[in-house]
Amino acid sequence: MKPAATGRVFHEQGILFGYRHPQSSATACILSLFQMTNETLNIWTHLLPFWFFVWRFVTALYMTDIKNDSYSWPMLVYMCTSCVYPLVSSCAHTFSSMSKNARHICYFLDYGAVNLFSLGSAIAYSAYTFPDALVCTTFHDYYVALAVLNTTLSTGLSCYSRLHQNSHSTKSLGAWLCIHCTGFLTLQSCGPRGRTEPSTVHLSIDAGTIPVPTTWPWLPNQHWFLEIKKPILCKVIRILAFAYPYIWDSLPIFYRLFLIPGESAQNEASLYHQKHMIMTLLASFLYSAHLPERLAPGRFDYIGHSHQLFHVCVILATHLQMEAILLDKTLRKEWLLATSKPFSFSQIAGAILLCIIFSLGNIIYFSAALYRTPEPELRKKET
């Protein structure tokens, strides 16, 4: 279908043909996996790597004494999250043509999965890749805790980039931030990780039971989509939403490779870390530049447009990152076990659970805004 027949919400810059029906059934969406549309390769470029990462994860589970080998727990968590985000992404691209609201909700879930993977990366980095000079420092102690906060805010900001509220928008966004901060700022670290005394990260939520989102008074009376009204601003907000968690997660790598290269920076993993950074930068460029389809609209509708290339680069970056972390885990094991204390199960589970709770809270909040009231046009007809 042409973009004029689908509506502006479904239209992508530089893509002229290959759109699916904007109100496809779930069955039609699944069947579209085997038809040539402009989403087909978006789906398969994440669906096939999902099975590859599952194979690697299952292999690691089989070779690990899960009950007694706490040193390997962060790696297993990271590998699990590396399976989650390609699956959710492929599902989001598959079912995004069911309706306008379904499209937004699918990508809300996609953003949450990407940020869960970001937290998995932070946990693995904290456990295996921190430079020698930063292990057991205050920065190391609070690194994962702040990564949880970053992923929570990133999910909310990326969802906000799709749905902007034209009524009480400042009040609405402020209330959203208050909910997150009230429940999250009680996250505190008691005892530095890596000392001889027991170390525990306490994660608690003081906000209490969160009411059903559709009853929140600060939800807007009307809404409009930032993607349509201000697409450039939408893209900038979304890129920033994903850039700053990545920058935070990568600070130990930047320090290790470029500032004070010590013994840990001279192992075989360094080259993989560098390749991972290059591939991530390339993926970011492709996502933001809309090349090559912007230069030749209609030429890359089915094969070779920027989002497909972005998917490929992201998967390659994840593979390189996984290899780097596995090498650090193996080569630095003796030194890390002698110097720092491995994560406890409660620390890992608490961080992951808190991230999931607040990410789902974001998704529910912004999804409720989609269904809060009819579109303005419908309200005019009623009056």
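Which residues does His311 touch, not counting residues up to four places away in sequence? His311 touches Asn42, Thr45, His46, Ser89 and His93, where a contact means heavy atoms within 4.5 Å. The structure is a predicted model, in which local features need pLDDT of at least 70, side-chain atom pairs count only at pLDDT 80 or more, and totals for chains, interfaces and linings use all residues. Residues are numbered from 1 along each chain as its sequence is written, and side-chain values use heavy atoms, with hydrogens and water left out.

**The annotated binding site**

- An unreviewed UniProt entry gives the annotation "binding site" to His307 and His311; UniProt positions follow the numbering used here, feature names are shortened, and annotations may be inferred rather than shown by experiment.
- His311 counts as buried because its relative accessibility is 1%, whereas His307, at 23%, is partly exposed; buried means under 20% relative accessible area, exposed over 50%, and partly exposed in between (1.4 Å probe, protein chains only).
- His307 touches Asn42, His93 and Tyr287, leaving aside residues up to four places away in sequence.
- A polar atom of the His311 side chain lies 3.0 Å from the backbone oxygen of Asn42.

**Transmembrane annotation and helices**

- The unreviewed UniProt entry places the feature "transmembrane region" at several spans, including residues 43-63 and 75-95.
- Residues 43-63 are 100% helix and 0% strand, with end C-alpha atoms 31 Å apart.
- Residues 75-95 are likewise 100% helix and 0% strand, and their end C-alpha atoms lie 31 Å apart.
- Helix α3 (residues 73-95) has 23 residues and should therefore span 33 Å, which agrees with the 33 Å between its end C-alpha atoms; the expected span is 1.5 Å times one less than the number of residues.
- Of the 23 residues of α3, 17 are buried.

**Nonpolar cores**

- The largest nonpolar core has 56 residues, and those with the most contacts inside it are Tyr78 and Leu119; such a core is a set of buried Ala, Val, Leu, Ile, Met, Phe, Trp, Tyr and Cys residues joined through side-chain atoms within 4.5 Å.
- The largest share of this core, 10 residues, comes from α4.
- Among the residues that Leu119 touches are Val144, Ala147, Ala351 and Cys355.
- A second, separate core of 13 residues includes Cys106, Cys159, Ile363 and Leu370.

Conventions
Polar contact = N/O pair within 3.5 Å; in protein donor to acceptor, adjacent residues only side chain to side chain. Helix = DSSP H or I, 4+ residues; strand = E, 2+ residues; numbered from the N terminus.
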